[in-house]
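Student: Could we go through this one together? I'd like to begin with the ligand and then turn to the backbone.

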Amino acid sequence: MSDTVTIKRKRGLDIMKVREDFPILRTTVFGHPLVYLDNAATTQKPLAVLEAQDRYYTTINSNVHRGVHFLSQQATEAYEPGRKKIAAFIHARHTHEIIFTKGTTESINLVASSFGRKFLQKGDAILVTAMEHHSNIVPWQMICEERGALLKVIPVNEKGELVLDELDGLLKERVKLVALNYISNALGTVNPVREVLRAAHGMGIPVLLDAAQAIQHTEIDVQELDVDFLAFSAHKIYGPTGFGVLYGKEEWLNQLPPYQGGGEMIKTVSFEKTVYNDLPYKFEAGTPDMAGSVGLGAALDYIQSLGMDNIRTYEHELMAYALDALRGIDGLRLIGEARERAGVLSFLVGSIHPFDLGEILDKQGIAVRTGHHCAQPIMDQYCIPGTVRASLAFYNTKSEIDALVTGIHKAIQLLG
Ligand code: PMP
């Protein structure tokens, strides 16, 4: 570990120093310094990640596993450690419980398709929550339709919290798997996943956690949580796009049929019979994203050098500051007021359309997201078409929150 990194870790985060690791944060937009508050959509990448991927393509690139030649062995040696780093990061028991995918969406599709084909019968059910991202609704809907199963929903109250009183009753309705997000990308709610896991496991039902918005904000120990499946995307944790992870307990992964067929996922192929490969390769058909693994490995090294505890403490402080600041704006209505929240602030201002507010903020260099955030069912529940969403990362500052508040005031003057 370098000296600067050790200093950062001991003294908490020196945000201005951390920001220097992210070249894109120096961008100006319409003459204003970029204020990037769209981190729930994707995070920016530190130099450590950019350089690791560049190094991979410049000096190592070759196809992995089967090659006898020098570069192919180098590529394999660069690619596989990513899996080890991820396993260590989420405290998986085995490295082969880490399956590489394109991202959260593909990870969930993999489980929906494989688990559904193996375990779902007519009249069975999958249980999700009313605040899921479309990626954790549609794959289940598709497999339920195919298998004649039903999609059931844990309700959400006005504050944006799960109504757990109904959980036990719902679980009894032939539920075969529960799939829920750890942190909502639309509301910022941190869900009581331990309670859900306890209730589901009490009835022998496995649980999949969509950790797309949790992996970057909170420490995750899959063994301590005892979660059966966990999905996340590299690009939300300062890593590259198009790469992601499915963690699955070995005993579950061994029971599931392969998701896709092709190279890498086989041991032997003949026209009569194909013998599938062992974990994790059984689920990794085709040439993998080598640079993706290298990039995610570098991202995990980077954030561990800052310290997850430092990140959490700082983000907590920033969130409290932002909540206070937004609550001080006349006519601003937060959508989602859960007691436990992280990362995301969703809001509306008076009768201003979220898109108009987003555009005015953009002209001031402030990047927020507007719309339904791929969570239409929860927007429907609030009877709104969408919100403005500001989402935080550890490189954001209090002065960026002040800029957001100033920007909102400007929009109110113009449109309010
Ligand atoms: N689930 C949640 C909670 C998300 O926030 C997202 C990304 N917005 C996804 C799933 C899908 O992630 P990806 O597009 O990276 O597959």
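Student: How many Å is an oxygen atom of the ligand from an N or O atom in the side chain of Thr105?
Tutor: Bearing in mind that this is a predicted model, an oxygen atom of the ligand lies 2.6 Å from an N or O atom in the Thr105 side chain. For Asp210, a side-chain N or O atom is 2.5 Å from a nitrogen atom of the ligand, and for Gln213 the distance from a side-chain N or O atom to a ligand oxygen is 2.7 Å.

Student: And how much of the ligand's accessible area does the protein cover?
Tutor: The ligand on its own has 400 Å² of accessible area, of which the protein covers 85%.

Student: Which residues are around the ligand, then?
Tutor: Among them are Thr104, His133, Ser135, Asn185, Ala212, Ser233, His235 and Lys236, along with Thr105, Asp210 and Gln213; sorted by class, this shell has one nonpolar, eight polar and two charged residues.

Student: Switching to the backbone, where is there a cis peptide bond?
Tutor: The bond joining Leu279 and Pro280 is cis, with omega at about 0°, and Pro280 belongs to the loop between β12 (274-276) and α11 (290-306).

Student: Is Phe30 buried or exposed?
Tutor: Phe30 is exposed, its relative accessible area being 53%. Arg174, in the loop between α7 (167-171) and β7 (175-181), also has a positive phi, about 55°, and is partly exposed at 43% relative accessible area.

Note on methods
Residues numbered from 1 in each chain as written. Predicted model: local features only at pLDDT ≥ 70, side-chain atom pairs only at ≥ 80, totals over all residues. Heavy atoms only, no water. Near = heavy atom within 4 Å. Polar contact = N/O pair within 3.5 Å; in protein donor to acceptor, adjacent residues only side chain to side chain. Areas by Shrake-Rupley, 256 points an atom, 1.4 Å probe, with all protein chains shown as cover. Nonpolar A, V, L, I, M, F, W, Y, C, P; charged D, E, K, R; others polar. Helix = DSSP H or I, 4+ residues; strand = E, 2+ residues; numbered from the N terminus. Buried < 20%, exposed > 50% of the residue type's maximum accessible area, 1.4 Å probe, protein only.
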